[in-house]
Amino acid sequence: TSGFDIPTGEQLVLRLRVQVSDTPTNVAGLTFTNTAYYTYNEIDGDPATQQIGESGTSPPMTIVEPDLVMTKTGPLSADIGVPETFTLDVHNAGGSPAYAVTLTDLLPNGADGGMCDTPPQNITAQVFEADGTTPVSPPLADGTDYTTVFAGDPACSLTLSMQSSATTIGADQRLIVTFEAQVDVGTIDNAALTNLAGATEWRSTEPPRPRRTYRRTVTDGTVGTPDHEDAHTTTVFAPVFLFEKYAVNVTTGDDPAVTATPGDVIRYTLNVEHMNDVIVDDFSIVDELDRLNASPYFLPGSLNVISIPAGADDSNSDANGGASGTGLLDVRGLSLNGVGDSFQIVFEVQLAGAIANNSTVLNQSEAVYAGNTVAVSDDPNINGPADPFVGGDEDPTEILIQSAPYLDIDKVST
């Protein structure tokens, strides 16, 4: 800058704005100074007449950058189908704000089970001071302040992209995100589900100014290392029941009932034994009588509950319920306290008056926990008892209908 005249007793003040270059040399902690000098009294453009003034140097300055540290927390154990709250705590341990932060959460999805079948729900996000409780921003709005994208199987990832200025994480501030996820039905008992999460991108300034972009990947969570990623492991409690069911033909006395005639009364007995060492509370036994049959084989209105465990509630049972209107058993408020604890449910139902000969009447009950079917009954008289720790080998109760006796009519003419 040249060509200024400074009258006696006055001064010239120049203010310049510069930006630190985005180079490999300029990293957090680097100290630098800035020196300025001036010349004066150049006469008629002759450099020989120019005089050099005393230079000035700024105090040392240090480059600062945002540095995000992720902490992932959640429940130590979880029940199948029960929503649990997980937290992503992103602390800016650097010396400058972090803008346009992207978070990636990799939900578990493996051979033992996972949390991938149901997308995360009830997502919240907010910026706080370092204490994690004093708000900096109001609660952030999904779709306005940030966006969420859930990719199902096999990726099973939740991505949150911060957009508005309210999402900026200042130095020593925290962005805290919570969401609810639940264990998939079919996850085995005692499965250790590990959830990985990390801050995968952020910027040094707001657009449209030039900025440095920081990109990271999520690996194994590097538990114990304060960096951009973390991991949390939840142990699954999946109720395991020895769940057996057999039928007796009350009309004929056959025990077990192998065959029946239309109109016979069938008594079903359910034996449920707990195979886990953890209490399971408030589950249900549900039996929609004709759920497995192509045609209605039971007489509407004939369902009669004989016995249920003390304290259980069968008021939701309906003798005309179910999709076919032939009966729905619904016993709620059931509980089992550790390995070996058991109970029994007995009910009767009458077969319809007309059923095609050689039809097979199928029936199978379900154990429902937290809104999910966690076990189905097995008839030990068919292919032997099922292994409660192996899913898919349970046999429904079967009764063969013999409704048309064979008549041999001989006629002799003389």
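View 1. Asp 105 is buried, its relative accessible area being 0% (buried means under 20% relative accessible area, exposed over 50%, partly exposed in between; 1.4 Å probe, protein chains only). This is a predicted model, in which local features need pLDDT of at least 70 and side-chain atom pairs count only at pLDDT 80 or more, whereas totals for chains, interfaces and linings use all residues. Residues are numbered from 1 along each chain as its sequence is written, and side-chain values use heavy atoms, with hydrogens and water left out. Lys 72 is likewise buried, at 3%. The two side chains meet in a salt bridge of 2.5 Å, N to O (a side-chain nitrogen of Lys or Arg within 4 Å of a carboxyl oxygen of Asp or Glu). Asp 105 lies in strand β10 (residues 99–106) and Lys 72 in strand β7, so the pair ties together parts that are 33 residues apart in sequence (strands, E, at least two residues, and helices, H or I, at least four, are DSSP runs numbered from the N terminus).

**View 2. The salt bridge between Arg 212 and Glu 65.** The closest N and O atoms of Arg 212 and Glu 65 are 2.9 Å apart. Because Arg 212 lies in the loop between β17 (192–203) and β18 (213–215) and Glu 65 in the loop between β6 (61–62) and β7 (68–73), this pair ties together parts that are 147 residues apart in sequence. Arg 212 is buried at 16% relative accessibility, and Glu 65 is buried at 14%. Asp 22 is linked with these two residues in a network of salt bridges.

View 3. Asp 145 is placed in the loop between β13 (121–128) and β14 (146–151). Asp 145 is buried yet has no salt bridge, and the nearest side chain of opposite charge, Arg 203, is 15 Å away (Lys and Arg count as positive, Asp and Glu as negative; His and the chain ends are not counted). Its side chain makes a polar contact of 2.6 Å with the side chain of Ser 164 (a pair of N or O atoms within 3.5 Å; within protein, one must be able to donate a hydrogen and the other to accept it, and residues adjacent in sequence count only if both atoms are side-chain atoms).

**View 4. Ala 125 in strand β13.** Ala 125 is found in strand β13 and is buried, with 3% relative accessible area. The C-alpha atoms of Ala 125 and Thr 167 are 8.8 Å apart, although 42 residues separate the two in sequence.
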